[in-house]
Amino acid sequence: MITIKVNENPQEFSSSLTLQELVEKLQIQTNGIAIAVNSSVVKKSDWSSKLLQNNDAILIITSTQGG
């Protein structure tokens, strides 16, 4: 079991997974978002190769429109 914090909420998974797999498991809409792992932004093109580790902290930032 590994535990990953997603926007400060602990999530448990049975095995290691990539950032792309996390996005898919949590059914996160990918349009207009940025994701940081342990305070480092990961480019969308690198999500499938970024392997997450136990106790990683994921921050998902959604852009909003306004004025």
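Strand β3 is largely enclosed by the rest of the structure, because four of its five residues are buried. Here buried denotes a relative accessible area under 20%, exposed one over 50%, and partly exposed the range in between, computed with a 1.4 Å probe on protein chains only. The model is a predicted one, in which local features need pLDDT of at least 70 and side-chain atom pairs count only at pLDDT 80 or more, while totals for chains, interfaces and linings use all residues. Residues are numbered from 1 along each chain as its sequence is written, and side-chain values use heavy atoms, with hydrogens and water left out. Strands (E, at least two residues) and helices (H or I, at least four) are DSSP runs, numbered from the N terminus.

Strand β3 belongs to an open sheet of five strands, arranged in the order β2-β1-β5-β3-β4 with mixed pairing. Its edges are formed by β2 (9–13) and β4 (40–42), each of which pairs on one side only. Two strands are taken to pair if DSSP finds at least two bridges between them. In general, strands of a sheet pair through backbone hydrogen bonds, either parallel or antiparallel.

On one side, β3 (residues 33–37) pairs with β5 in the antiparallel sense over five bridges. Within this pairing, Ala36 has Leu59 as its bridge partner in β5, and Ala34 stands opposite Ile61. Strand β3 is also joined to β4 by three bridges, and these two strands run antiparallel. Ala36 takes part here as well, with Val41 as its bridge partner in β4. The hairpin of β3 and β4 has two residues between the strands, and Asn38 in this hairpin takes a positive phi near 50°.

The remaining pairings involve β1. Strand β1 (residues 2–6) and β2 are antiparallel and share five bridges, with Val6 bridged to Asn9 in β2. By contrast, β1 and β5 (residues 57–62) run parallel and are joined by two bridges; Lys5 has Ala57 as its bridge partner in β5.

The largest nonpolar core comprises 16 residues, and those with the most contacts inside it are Ile4, Leu19, Leu22, Ile35, Trp47, Leu52 and Ile58. Such a core is a set of buried Ala, Val, Leu, Ile, Met, Phe, Trp, Tyr and Cys residues joined through side-chain atoms within 4.5 Å. At least two residues of this core are supplied by each of β1, α1 (19–25), β3 and β5.

Ile58 lies in strand β5 and is buried, with a relative accessible area of 3%. Contact means heavy atoms within 4.5 Å. Not counting residues up to four places away in sequence, Ile58 touches Ile4, Lys5, Val6, Asn7, Leu22, Ile35, Ala36, Val37 and Leu52. The C-alpha atoms of Ile58 and Leu19 are separated by 9.1 Å, although these residues lie 39 residues apart along the chain. With the same exclusion, Leu22 touches Val6, Phe13, Leu17, Leu52 and Ile58.

Thr18 is located in the loop between β2 and α1. This residue is buried, with a relative accessible area of 15%. Apart from neighbours within four places in sequence, Thr18 is in contact with Trp47, Ser48, Lys50, Leu51 and Leu52.
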